[in-house]
Amino acid sequence: MNVFTQWNAAAAVRTASIIGAAHIPRAVDRIFLAGLGQELKQEPFERVNETIGPVTQAFERLMFPSRSTELFHLSMLKAAVERVLSSVAGEFPSLAAWTPDDISVQKYGPDDGITSHRDHARNRLIIAVVTVCGSGTVEVLGDERIGQPVLSCNLAAGDLMLLRAPGLLGGAGDDESRPFHRVHGASGCGPRIAAGFRHLGGRHGHDLH
Ligand SMILES: [Fe+2]
């Protein structure tokens, strides 16, 4: 069973490394995606409404995230993301160590979203987010919390988004290489469900700031 369609992973990672994010439309095979959507829709979700410092977030998340490794399609997607990112380790050697040891599944309704934030520095190298169903916009702002987006991604089902994280570029100030971004609510008739894959390297948690 194919998980991904044909797309240029090296070019996508290169784009993320330069501007902070990359949007790969229709990156996931349509038949696989249907199975993944069915699987996730059967899982229970719990609501999150919180404000952490300057960041307000509203969405639902999988109630039992530890079950994510038991879900057939989600596990296959995890393995495929790991495979495709490690395939570009020739150009980005740090990605040879990238393993998706943190999986999150979030569901956004039309009024949900996350205000401008950077993901925590403990998420290393790169973050991959697959839109499983629905659609919605993520705006990538670059180094400033407020301002015009450098990239506006209208994410639809099957799209992959990559976000640059510390360690991908290396060098001084690399922890600041995380782009600010805003997640908007679902734009279609149903919720947007997104599966996120992060490499923690042994450090866990989901702080925003
Ligand atoms: Fe984020």
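**Helix, strands and core**

Biologist: Which exposed residues are on the face of H1 turned away from its buried side?

Modeller: That face of H1 carries Ala 10, Ala 11 and Ile 18.

Biologist: Before we go on, what am I looking at?

Modeller: It's a predicted model, so to speak of local features we need pLDDT of at least 70, side-chain atom pairs count only at pLDDT 80 or more, and totals for chains, interfaces and linings use all residues. Residues are numbered from 1 along each chain as its sequence is written.

Biologist: Back to H1, then. Which of its residues are buried?

Modeller: In H1 (residues 9–19) those are Ala 9, Ala 12, Val 13 and Ala 16. They lie on the same side of the helix, because their arc around the axis is only 95° (taken from the directions from the helix axis to the C-beta atoms).

Biologist: What covers them?

Modeller: The cover includes strand S1 (21–24), helix H3 (72–86), S6 and strand S9 (160–164).

Biologist: You mentioned S9. Where do its side chains point?

Modeller: Leu 160, Leu 162 and Arg 164 go one way, while Met 161 and Leu 163 go the other, and all are buried. Since 5 of the 5 residues of S9 are buried, the strand is largely enclosed by the rest of the structure.

Biologist: Which way does S9 run against S1?

Modeller: Antiparallel, over 4 bridges; DSSP has to find at least two bridges before strands count as paired. His 23 is the residue opposite Met 161 there. S6 also runs antiparallel to S9, with 5 bridges, and Ile 127 has Leu 163 as its bridge partner.

Biologist: What does Met 161 touch?

Modeller: Leaving out residues up to four places away in sequence, Met 161 touches Ala 21, His 23, Val 129, Val 138, Cys 153 and Leu 155. A contact is two C-beta atoms, placed from the backbone, within 7 Å.

Biologist: And the largest nonpolar core, which members touch the most others?

Modeller: Ile 126, Ala 128, Val 130, Val 132, Met 161 and Leu 162, out of 57 residues. Strand S6 (residues 124–133) gives the most to this core, 8 residues. The core is a set of buried Ala, Val, Leu, Ile, Met, Phe, Trp, Tyr and Cys joined through C-beta atoms within 7 Å.

Biologist: Now zoom out. How many helices and strands in the chain?

Modeller: There are 3 helices and 11 strands. The order from the N terminus is α-β-α-β-β-α-β-β-β-β-β-β-β-β.

Biologist: And the overall dimensions?

Modeller: The C-alpha trace spans about 45 × 40 × 30 Å along its principal axes. Of the 209 residues, 41% count as buried. Among contacts between residues at least 6 apart in sequence, 77% join residues at least 24 apart.

Notes:
A residue is buried if 20 or more other C-beta atoms lie within 10 Å of its own, exposed if 12 or fewer, and partly exposed in between; C-beta atoms are placed from the backbone. Helices (H or I, at least four residues) and strands (E, at least two) are DSSP runs, numbered from the N terminus.
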